[in-house]
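Here is a friendly walk through one model, from a single residue out to the whole chain. Have the viewer open as you read.

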Amino acid sequence: PQPAPPQRRPRSWLASTAPTIVWPRAPHCIATATTSSTSSTSSSPSSSTPTAATMGNYIGTTILDVQEKSAGRMARRQFAMQCRAQERMRRMQTAQAVAIARERVWWFMTALGGVCYGAFAYKKSVGYFPRVAAAPIGLLSLVTAYQLDFAYGSKPERINRIYHAITDERSSSYWFVPVAPPSGETELEAEEKADE
């Protein structure tokens with residue numbers, strides 16, 4: 001008779017018979033681990049290392065300071081720009097008033113010339129100057145002289161000098177002074193230089 005074939009053993013037999021290798025731990029590793037655990041347990045809460053709450057408070061305070069400084073700088077820039085815009089508007093209004101006065105002078109001079117011509121023509125024909133024409137001639141002469149001084153004379157410069165004398169903080173004693181900081185444009189330029 002032929003011999004029976006060898007039977008295969010299950011894989012569990014190999015796992016049960018396989019040797020188990022246990023790697024020993026180095027003494028210096030054990031000492032290091034023991035020292036680190038001991039130092040971590042012995043450290044007190046009052047150490048110099050900042051905690052998460054302390055860092056959060058510091059960051060929050062820094063952000064608030066930066067926001068307050070930015071808000072103050074923005075407010076100063078807006079106020080300086082507002083003063084600059086108001087000064088520009090004042091100059092534009094003055095230029096517009098001078099232009100209107102120059103155009104108005106021709107109308108007043110024409111009216112004054114017409115009244116004077118009529119009055120002298122009446123005097124030449126009748127023989128005496130009409131007293132009724134004295135009032136319109138005097139009024140038109142005064143208004144025309146005022147408009148002529150404002151349109152072609154030095155009245156705008158005199159008005160500007162009087163304005164600066166009134167709004168001067170060092171010499172003025174009015175209750176509405178200062179109406180606006182005179183260094184608004186200088187503050188804006190300083191802010192722009194600081195940003196650069």
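## A loop and its surroundings

T167 is buried, because its relative accessible area is 19% and buried means under 20% (exposed is over 50%, partly exposed in between, with a 1.4 Å probe and protein chains only). This is a predicted model, where local features need pLDDT of at least 70 and side-chain atom pairs pLDDT 80 or more, while totals for chains, interfaces and linings use all residues. Residues are numbered from 1 along each chain as its sequence is written, and side-chain values use heavy atoms, leaving out hydrogens and water.

T167 sits in the loop between α5 and α6; helices here are DSSP runs of H or I with at least four residues, numbered from the N terminus. Its side chain reaches the backbone oxygen of Y163 at 2.9 Å. Leaving aside residues up to four places away in sequence, T167 touches V177 and V179, a contact being heavy atoms within 4.5 Å.

The loop between α5 (155-166) and α6 (184-195) also holds F176.

| Residue | Relative accessibility | Class |
|---|---|---|
| T167 | 19% | buried |
| F176 | 32% | partly exposed |

F176 belongs to a nonpolar surface patch with I162, Y163, I166, Y174, W175 and V179, with about 750 Å² of accessible area together.

Zooming out, the protein has six helices and zero strands. Of its 196 residues, 11% are buried. The protein exposes about 16600 Å², with 62% from carbon and sulfur atoms (Shrake-Rupley method, 1.4 Å probe).

Definitions and conventions. Patches are made of residues with over 30% relative accessible area and no salt bridge: like charges are joined within 9 Å, nonpolar side chains (Val, Leu, Ile, Met, Phe, Trp, Tyr) within 5 Å. A salt bridge is a side-chain nitrogen of Lys or Arg within 4 Å of a carboxyl oxygen of Asp or Glu. Helices (H or I, at least four residues) and strands (E, at least two) are DSSP runs, numbered from the N terminus. A polar contact is a pair of N or O atoms within 3.5 Å; within protein, one must be able to donate a hydrogen and the other to accept it, and residues adjacent in sequence count only if both atoms are side-chain atoms.
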